[in-house]
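Please keep the sequence and the structure open while going through the points.

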Amino acid sequence: MKIDSGTTAWMLAATALVLLMTPGLAFFYGGMTRAKSVLNMMMMSFGAIITVTIAWVLFGHSLAFTDNPIGAINNVVGGFDALGLQSLVDTATKTDGTGMPNLVFSAFQLTFAIITVALISGAIADRAKFGAWILFSILWATIVYFPVAHWVWGTGWLNTMGIEDFAGGTVVHINAGAAGLALCFVLGKRHGWRKEPMRPHNLPFVLLGAGLLWFGWFGFNAGSELAVDGTAGLAFMNTQIATAVAAGAWLIVEKMRDGHATSLGVASGAVAGLVAITPACGFVDPWAAILIGLLAGVICAYAVGLKYKLGFDDSLDVVGVHLVGGVIGAVSLGFLAAYPFLDQQSKGLLYGGGFGQLGLQVLGPVAIGGYSFIVTWILGKIIDKTMGFRISTEEEMTGIDVTTHAETGYDLGTVYASGVTSPNGPTAPAAKKVDA
């Protein structure tokens, strides 16, 4: 077995960066919810880490990245050669001295599966049973994520046709966004939606989460080259460019539309840019990353309002940011794809390519989005009709943190104007009590 130590070291670091994105997502989503739901929101992300890891080890890697001996079935899902990851121990991805241990590759891909499932949770904040979510995360990863990863990154039908997706615009973001939309319809609207204020309770959490996502996304995108080379550097730089531009573009839209540039806006814009550049980061010039970031920041800033026009309660804008942003990035390749080492047919229209690649870049989002939406809706309905997917009205009004987890995100005690906090009363007799 021959491995490249530089590649292996980088991929270990990239894997850790991508895993960090899920706790980052927990902060991002947790800050956007109301205070009575913050712990549950964050627990849904951590729950995904647990369930998807187990499923990945037992059969997920095998279904996504091995070949099925029956050709027709292999177009849809992989085989069973790596069940339990037993066959990956002490093997390398290549034998020419440029590879890495197969377990490192598997761990890297596992972190993608984890965050894809966690992304869905933002669409159903405040109202999903935790046990139902845990069951859903296992079933959805098995029936939707693992096959879709095989379609695009394995030897499935979309890969065979020649679709380009550098780091997961279709596999991760369109997949999760369509699933989130389906669950919005299954669970219905939160009580008081559009009648009561449901503002983010902790914007510093949102900014912290966005920062962790931005940081981890360098591993997400540059790591997807699976090597230490110029393409990894291109993906790294394009990630920074598109994210910064999208954050700025979102702020400009807010200022022009609402009169204020907000912290929630800069965080949401940054994530929209990260989403949109993901499928394109290793294939486009830096100037094109500016264009993709600009389109993502402007379009997604308006797209998050679709839920009010169309009447679905996407709590934390999974559809407007991840589904729409993923489509922007995937389709942009049909126009802007240039690198690395693409044959002429795979390049975008602006680089002399034909309409065939553009058609593929449209087909991928339609096929994956449609499959994810339909299967998610069916899974959600089955869970809802059997064990119930939504908490009761009373639990929702009380707060899911207390009713499900017997905890609260903030236990402030008794706060006094003097700044003294004491469970037994004020230590300064003259202190004026202030409502916490």
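1. The structure holds two cavities of 30 Å³ or more. A cavity, on a 1 Å grid over the protein atoms alone, is a set of points where a 1.4 Å probe fits but cannot get out, whereas a pocket is an open set with protein on both sides within 12 Å along at least five of seven lines. Lining residues are those with an atom within 4 Å of a point. Grid points are joined across faces, edges and corners, and a volume is the space filled by probe spheres set on the points.

2. Before going further, please note that this is a predicted model, in which local features need pLDDT of at least 70 and side-chain atom pairs count only at pLDDT 80 or more, while totals for chains, interfaces and linings use all residues. Residues are numbered from 1 along each chain as its sequence is written, and side-chain values use heavy atoms, with hydrogens and water left out.

3. Helices here are DSSP runs (H or I, at least four residues), numbered from the N terminus.

4. What classes of residue make up the lining of the largest cavity? There are ten nonpolar and two polar residues, and no charged ones. In this scheme Ala, Val, Leu, Ile, Met, Phe, Trp, Tyr, Cys and Pro count as nonpolar, Asp, Glu, Lys and Arg as charged, and the others, Gly among them, as polar.

5. The second largest cavity holds about 40 Å³ of space, and its lining consists of Phe-28, Tyr-29, Met-32, Ser-268, Leu-316, Asp-317, Val-321 and His-322.

6. Turning to the open spaces, the largest pocket contains about 650 Å³. It is lined by 26 residues, of which Pro-200, Leu-264, Lys-307, Tyr-308 and Asp-317 are the closest to its centre. Helix 9 (230-258), helix 10 (263-277) and helix 12 (306-310) each supply at least two lining residues, and helix 9 has the largest share, with four. The lining comprises twelve nonpolar, five polar and nine charged residues.

7. For the second largest pocket, the volume is about 340 Å³. Among its 17 lining residues, the closest to the centre are Trp-153, Asp-165, Phe-166, Ser-224 and Leu-226. Helix 4 and helix 5 (130-153) each supply at least two residues of this lining, the largest share, four residues, coming from helix 4. Eleven of the lining residues are nonpolar, three are polar and three are charged.

8. From C-alpha to C-alpha, Val-366 and Asn-74 are 21 Å apart in space, and they are 292 residues apart in sequence.
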